[in-house]
Amino acid sequence: NTTYTSSNLPLNFNVSLNENGSVMYSLDRGVNNVSMRWTVNNVSLIGTLFNSTNGSLVDKVYSFDVYANDTTGNNNYTKFTSFTFENTNIDSCRTLDFADTVYTLTQSITTTGDCMTIGANNVTLNMNGYNLTGDNNSINDDGVIINGFNETTIRHGSIFGFGSGINSASSWNSTFYNLTIVARGNFGISTTIEGIIISGGGLYNITKNIITNSSNTGTNRNYDAISIANANNNTIYDNTIYNISSGRLTQGIYLSASENNSVIGNTIKVASGGGTSGAIAFSLSSVQSSIFKHNDVSEISSCSAQGVCPSLYLIGSSNNSFNNMTLNTNPDTGIQVSTGSNNQFSNSTINGTTYSAIEILDRDNNFTNMTIRTTSGYDISIAGNGTRLTDMPHMGNYTINTNGALVIIESSGKGE
């Protein structure tokens, strides 16, 4: 049983006879029969070689039944073979369940529920520049669902108006590339809206996407542009996350219980966070041995008085490296390490924080060549022993609150 897809259309059906005769074929077990033409002139119904084409097939298993008759009408012959057709040109929401296949959108699609479901390994959804659009009012609606299938690629299109643009669970080796994901609308009370949410699995590649959620009207809702939990060895590269906001907690990139990630070249602008939670550009919870470099926080515009709004926030996260980052305008803190040790911060700039540029509440974290500008509060606030400050430019001009903690200040050329 051979499988054909839309890229094979039209299908060519060929029949050969040992002597002159006529041929008909059927794709519906004889309900409708099609006469085949002699291939020499594509006109005659008598010959030995016959051909017919068909470009109007739907998803199903077909039986190709052939009925042949010799010229004298003395002998009749019947043969059949089976084949499967999978329509890979997509114009409606459906399950994409044929492995090793590229499905391509042929138009934009609007729906009131979930849209695409991945149902096989190594499936590519080429959105071909088109949109998937939800109804902007249900947290339970997903643009694309992946559950337990691996090597999914979603690329080149936009996903609007779903509670989660992409919802992936227990999957490996998937790529989300060149997508625009937008959530605008009233998604209800006490909900979390996500651009991309990943739970379990790993080895994801999330590259060159644009994610935003401006103009939501629900109350007490959280928003995560990219949320990854219990998934390791992921690459998050060159994404733009802008004007994100919520009535409660707003997070640009949120990683939880994850390790060995590469987060490189991303830009985040947070419009606001509300309530007692706040707004965080990069939020890490129990993240280990990951690399963050060349990331920019262009702005956190506003933060409620009760909220916590660092550009970079670590809790329970250790042995990570952060370098060549720029953390700009922030009404709260640039870097806050709540709990976690042996993190390396280097060659980065913090501009325009209202409170501490760097706030360290745990021990044994290291800072090298960190530039701090225009901070209203303390430049550096430290409450954990063993914090090391190396080659900090303009060190003599910084205000440092050690809270009685042991702090090591050194120059690489001169020592401690």
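Q: Is Glu 86 buried or exposed?
A: Here the classes rest on relative accessible area: buried is under 20%, exposed is over 50%, and partly exposed is in between (1.4 Å probe, protein chains only). Glu 86 has a relative accessibility of 7%, so Glu 86 counts as buried.

Q: What kind of model is this?
A: Residues are numbered from 1 along each chain as its sequence is written, and side-chain values use heavy atoms, with hydrogens and water left out. Local features need pLDDT of at least 70, side-chain atom pairs count only at pLDDT 80 or more, and totals for chains, interfaces and linings use all residues, since the model is predicted.

Q: Which residue meets the side chain of Glu 86 in a salt bridge at 3.0 Å?
A: A salt bridge needs a side-chain nitrogen of Lys or Arg within 4 Å of a carboxyl oxygen of Asp or Glu. Asp 59 also belongs to a network of salt bridges with Glu 86 and Arg 94. The partner at 3.0 Å, N to O, is itself buried at 18% relative accessibility; this partner is Arg 94.

Q: How many residues apart are Arg 29 and Asp 65?
A: Arg 29 and Asp 65 form a salt bridge, their closest N and O atoms being 2.9 Å apart. Arg 29 sits in the loop between strand 2 (11–26) and strand 3 (34–35), whereas Asp 65 is in strand 6 (residues 60–70), strands being DSSP E runs of at least two residues, numbered from the N terminus. Arg 29 is exposed at 56%, while Asp 65 is buried at 3%.

Q: How many residues does the largest nonpolar core have?
A: A nonpolar core is a set of buried Ala, Val, Leu, Ile, Met, Phe, Trp, Tyr and Cys residues joined through side-chain atoms within 4.5 Å. Those with the most contacts inside the largest one include Val 144 and Phe 282. Its largest share, 5 residues, comes from strand 28 (residues 278–288).

How values were computed: Helix = DSSP H or I, 4+ residues; strand = E, 2+ residues; numbered from the N terminus.
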